[in-house]
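Dear colleague,

Please find below the structure I promised to pass on to you, together with its sequence. My notes on what turned up in it follow directly after.

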Amino acid sequence: RFRPVNGAESPHRQANWRQRYVKGNNGMGREDTSETMSLKARIVQALKSETEKGASDVELATLRLIECAVRDRDVCARGRGVGEGCPDADVRTVLETMVAQREVSAREHDAAGRIEDAIREREEIEVIQKFLPVPLNGKKLEAAVSEIVEDLGASKLKDVGRCMSALKKKFPGMIDTGSAGKAVREALSRS
C-alpha cells in the first residue's frame, strides 16, 4: 500500500519530492535555492522555510504579500495566453514597485509622526530587497558604463538615452537610474 512521504499525495508527487529534496542538494534535505531557481520559486521556498522556522510577523506577512502579488500577475499573464505565467523580469518589476510604494509610505509616516509604521515599512523593504539583485555602484558601475560607452561609440550628451537603455538591457534589474545616469553623463563629458 502507498504511504505518502512528507505531504506527497501521490506516487508521482512523492518521486518529485525525492528528486528535489533527497538527491543531492547538499545532503541537508533542503530544496536548491541557487540562482538557477526562478524568482517565483525562490519566493515560494522562502515563504515555506520562514513559515517552518516561525519567523517574525513582519517577514511572514511581507512574504505572503509578495507571493500574492506575483500570483495575481501570473493570473493576468495566463489570461493573456502566456501559459507559464509571468517571467522573472515581471516579478522583478513587481518587487521594485512594492519597494517604491513602501519608501513613499515610510516617508509619509515619518512626516505624520507615525514612527512605528515607518519602521514597519522599512522592515518590509528589507524583506523584499532580499529577492532583488544588488544594484551596480562605485567601480563596477563605472566599468559597466565605460564598456557600454565604448561599445556604442557614444561621445555626446545626446547619447545618454542610448547608453542607459543598453545598460538596462545588459544588466537587468541592477541599474539604479539616478546614479547610472550621472555616471553616463560624466563618462560622456570626459570623452
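Predicted model: local features only at pLDDT ≥ 70, side-chain atom pairs only at ≥ 80, totals over all residues.

The crossing in which helix 3 passes helix 4 is right-handed. On the side of helix 3 the contact is made by Leu65, Ile66, Ala69, Val70 and Arg73, while helix 4 brings Asp90, Val91, Val94, Leu95, Met98 and Arg102 to it. Sorted by class, the contact of helix 3 with helix 4 contains eight nonpolar and three charged residues, and no polar ones.

A second pair that I looked at consists of helix 7, residues 160-170, and helix 8, residues 177-190, whose axes come within 10 Å and cross at roughly 130°. Helix 7 is therefore oblique to helix 8, and the crossing in which helix 7 passes helix 8 is right-handed. Here Val160, Cys163, Met164, Leu167 and Lys168 of helix 7 meet Thr177, Ala180, Gly181, Val184, Arg185 and Leu188 of helix 8. The classes in the contact of helix 7 with helix 8 are seven nonpolar, two polar and two charged residues.

Helix 7 also packs with helix 6, which covers residues 138-152, at an angle of about 120° and with the axes 10 Å apart. Helix 6 passes helix 7 in a crossing that is again right-handed. The residues that make this contact are Ala144, Val145, Glu147, Ile148, Val149 and Leu152 from helix 6, and Arg162, Cys163, Ala166, Leu167 and Lys170 from helix 7. In the contact of helix 6 with helix 7, eight residues are nonpolar, three are charged and none is polar.

Cys68, by contrast, is partly exposed, with a relative accessible area of 45%. As for disulfides, a search of the whole structure finds zero of them.

Leaving aside residues up to four places away in sequence, Glu50 touches Ala55, Glu59, Leu60 and Leu63.

Finally, some values for the chain as a whole. The chain has eight helices and zero strands, and along the sequence its pattern reads α-α-α-α-α-α-α-α. Of its 191 residues, 34% count as buried. Among contacts in the chain with a separation of 6 or more, 51% are accounted for by residues 24 or more positions apart.

With kind regards

Notes
Residues numbered from 1 in each chain as written. Heavy atoms only, no water. Left-handed = near helix turned anticlockwise from the far one by under 90°. Helix = DSSP H or I, 4+ residues; strand = E, 2+ residues; numbered from the N terminus. Contact = heavy atoms within 4.5 Å. Nonpolar A, V, L, I, M, F, W, Y, C, P; charged D, E, K, R; others polar. Axes fitted to C-alpha atoms, helices over the stretch in contact; angles between N-to-C directions. Parallel < 35°, antiparallel > 145°, perpendicular 65-115°, else oblique. Disulfide = S-S within 2.5 Å. Buried < 20%, exposed > 50% of the residue type's maximum accessible area, 1.4 Å probe, protein only.
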